[in-house]
Amino acid sequence: MATPWTAEREASGEELTFAAAAERHLDDVYAYLLYLTGDRELAGDLTGETFERALRRWRRFEPGRGSARTWLCQLARSSALDHFRSERRRRRREEAAGGLEREKAHVVFGEGLSAELEAALRRLSAAEREVIALRVVLDLEVEPAARLLGISKTACTTRLSRALGKLERLVKGDDGD
Amino acid sequence: MTDLVNELRFARPRAPEALRERVAELAAQAPAPARASRPAFVWPRIPVRRYVLVGAPAVLALAFGYAAVHGIVSSGSPADERAAVPLLRSPTVAESGRRLSPLAQGNTARALDKTPVWAAPAPAGALSSAKAGSARAAPLPPSNRLQNYSASMRIRLGGVDGLSDATVRAMRIARNLGGYIVSVQYGSGRREGEAYVTVRVPVQRVQRALMRYSGLGTIVAQNVRIQDLQEGVDRLERRMDRIRNQMARIDAQLKNPNLDATEREILEAKREGLVEILRGLGRQRGATFRRAQFATFSLNLTTGAQKDEAAPPPGRIERMLDDAGSVLVQEVAWTLFILTVAAPFVLLLGLAWWGARAARRASDRRLLEET
């Protein structure tokens, strides 16, 4: 059975360099971060940060253990979580000081998405959007997705099922709206 | 829901051009590939369960293998080398014990050793030669030093019927040699019987005693112990000389006519004390001499059959199994020791690491759910 690395190598017909991995998976990482953060500008910044990290750690990447896409998404998730933590601390400081909350920019999760779907996606939590991004948008297998999320395969499947169910209800307007 | 999924997939967002350029600039900074070719082998991610299922039998196989190899290697020496070292054969010694050959004089030096000397058991069926040989093989007490000589013999008889006669003969031998009986214990059943006879025989008659007792039956085991008493007696006599010298000095002082009554009284009391001490030491010396005059023989007369004979030396396979078994026991003991000492720490560390990891993941999940 071919490993993801082999498949990538066969597909590209060349050795996987950092440049090749970056070009091939830039959209995947960006899409994942967009769904995770719900903010285009932030997703862009975090994507850049992710690839900077990836460049520094490229020697540690072992193709036999998993695909470059999964590895990059792991780095992206780590960057996003660091950002969320620092944002939470900043918000708490601002709330304590009586500061105003920032307005969230209008997000476009994907060109061609219906307005109802866009609105429903905005109403999901980052955790729910994350699993949809990994399993549906990026079409990752359940095992690498579960490993990336740090949960079991069963939990990953359950989480996806709930997220899609909630999304469907929001789209249909059955969620009390 | 399928429509939803398809819509999400087809409308996948693309990175903006500015970001694409930025990442391309980064990629341009990347050094030449460190790995020119795919590594020959990458350690696969193996679940812990599989490690345990494969590792545990491997460790057991290793432990058994090492024990077996150790057993084979250490059992390589022939059985003969492991037999008891045969005793020095003493030459024929006159009854008075005065004429000693150089070999017997060597025995004298060996006799100073207090450790017991074992004789090899007599092979079954070689009665007469065993009796004579065993008697000659046992070391004899030298005549120029005081020694405490004791011997124990386990003698197998033909049957229960002969046990009573043999016991009586053993007692008679002691008396005929000028010795005396210390104790007798006798017990017999329908098929088996045992008798324990302890006698004391003049040390000059040890050789004859050994010969005669050997004639009672087949000697199955024999143990001789020689303890030197001469040193103790010499120490006693030196002390006694010192006390006599002190007494002589006191006597000389007492002869002085100018001594006053008080001083005379003190000196006389002192002399009395020394006399008492001298008497006590004399008694000790006498007891030691008496002890050295007689040798003690402890005889175990038995009618037991095969079980009474000494077991044949183990064969190579038995030795191999024995050695391998002892190595396995050591391995288990060490493993248990290491596990017992290290296990709590390993467990605590593992729990701490797992707890920290679980807490971190829970925190991340809450963070994402709140966002």
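In helix H2 of chain B, the residues Leu19(B), Val23(B), Leu26(B) and Ala27(B) are buried, that is, under 20% relative accessible area with a 1.4 Å probe and protein chains only, whereas exposed means over 50%. Viewed down the axis of H2(B), these buried residues lie within an arc of 100°, so they line one face of the helix; the arc is taken from the directions from the helix axis to the C-beta atoms. The other side of H2(B) has exposed residues, among them Glu17(B), Glu21(B) and Glu25(B).

A word on the source: this is a predicted model, in which local features need pLDDT of at least 70, side-chain atom pairs count only at pLDDT 80 or more, and totals for chains, interfaces and linings use all residues. Residues are numbered from 1 along each chain as its sequence is written, chains are lettered from A in the order in which they are written, and side-chain values use heavy atoms, without hydrogens and water.

What covers the buried face? The cover of the buried residues of H2(B) includes helix H2 (18–37) and helix H3 (40–57) of chain A.

I turn to the interface. Contact, meaning heavy atoms within 4.5 Å, joins 39 residues of chain B to 62 residues of chain A. The area buried between the two chains is about 4400 Å², with 61% from carbon and sulfur atoms; buried area is the accessible area (1.4 Å probe) lost on being put together, summed over both parts. Leu8(B), Pro13(B) and Leu368(B) supply 16% of the area that chain B buries against chain A, more than any other three residues.

Note on methods. Helix = DSSP H or I, 4+ residues; strand = E, 2+ residues; numbered from the N terminus.
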